[in-house]
Amino acid sequence: MHVVRVAPGIAIAIPLVLAACSAGGSPSVSPSPSAAAMTVALAGEFHDVDDTASGTVQLARLRDGSYEVVFEDFSIAATTNLKVYLVKGDDVTASSDVQPDEAIDLGALKGTTGMQVYPFPADMNAAVMSYHTVVIWDAPMGHAIAAAPLGQP
């Protein structure tokens, strides 16, 4: 324990954490709990459809049998009224490739950049492998912004 004095008569105890080193002298890194608790079932990379987005996406199976769609290094210009859909087609290269009433709606896009996680509906787990493309969908305008076909990781 390391004690830091923040004002006269007031001290805070802080545990001191040291990186463990292997015999070679480099830090030992443990996988994060979330990484150890998931398996990547499918993966893909975003490509433009009617606008621009980039990044990778994974369909991850969690230890409890549920699934999540995970965006990494994601980037898009705006998020206004955008949804994340999963569709059955092998890819989406035009908005007409998407039938919104047949898509799984994972909810509103959470942000313009970075890692994002979207849970797959538990009641649909049996059908998860029949959905092959993640689509960023502009709901009011009815068109696909970008898509990521999912394949073997």
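The model is predicted: local features need pLDDT of at least 70, side-chain atom pairs count only at pLDDT 80 or more, and totals for chains, interfaces and linings use all residues. Residues are numbered from 1 along each chain as its sequence is written, and side-chain values use heavy atoms, without hydrogens or water.

Start with the sheet. Five strands form an open, antiparallel sheet in the order β4-β11-β10-β7-β8. Strands here are DSSP runs of E, at least two residues long, numbered from the N terminus. Two strands pair if DSSP finds at least two bridges between them. β4 and β8 stand at the edges with a single partner strand each, so one side of each has no neighbour in the sheet.

Histidine 47 lies in β4, which spans residues 47-48. The bridge partner of histidine 47 in β11 is alanine 147. Why does histidine 47 count as partly exposed? Its relative accessibility is 24%, and partly exposed means between the buried limit (under 20% relative accessible area) and the exposed limit (over 50%), with a 1.4 Å probe and protein chains only. Leaving out residues up to four places away in sequence, histidine 47 touches Asp91, Val92, Ala146, Ala147 and Pro149; contact means heavy atoms within 4.5 Å. The side chain of histidine 47 also reaches the backbone oxygen of valine 92 at 3.5 Å.

Move on to β10, residues 133-138, where aspartate 138 is found. Aspartate 138 is buried yet has no salt bridge (a side-chain nitrogen of Lys or Arg within 4 Å of a carboxyl oxygen of Asp or Glu). The nearest side chain of opposite charge, lysine 83, is 11 Å away. A polar atom of the aspartate 138 side chain lies 3.1 Å from the backbone nitrogen of methionine 141. Beyond four places in sequence, aspartate 138 is in contact with Asn81, Leu82, His143 and Ile145.

In soluble globular proteins, nonpolar side chains tend to be buried together. A nonpolar core is a set of buried Ala, Val, Leu, Ile, Met, Phe, Trp, Tyr and Cys residues joined through side-chain atoms within 4.5 Å. The largest has 27 residues; Phe46, Val69, Phe71, Leu86, Leu109, Val134 and Ile136 touch the most other members. Strands that each supply at least two residues of this core include β7 (82-87) and β10. β6 gives the largest share, five residues. Another core, of ten residues, lies apart, with Tyr85, Val135, Trp137 and Ala147 among them.

Methods:
Helices (H or I, at least four residues) and strands (E, at least two) are DSSP runs, numbered from the N terminus. Lys and Arg count as positive and Asp and Glu as negative; His and the chain ends are not counted. A polar contact is a pair of N or O atoms within 3.5 Å; within protein, one must be able to donate a hydrogen and the other to accept it, and residues adjacent in sequence count only if both atoms are side-chain atoms.
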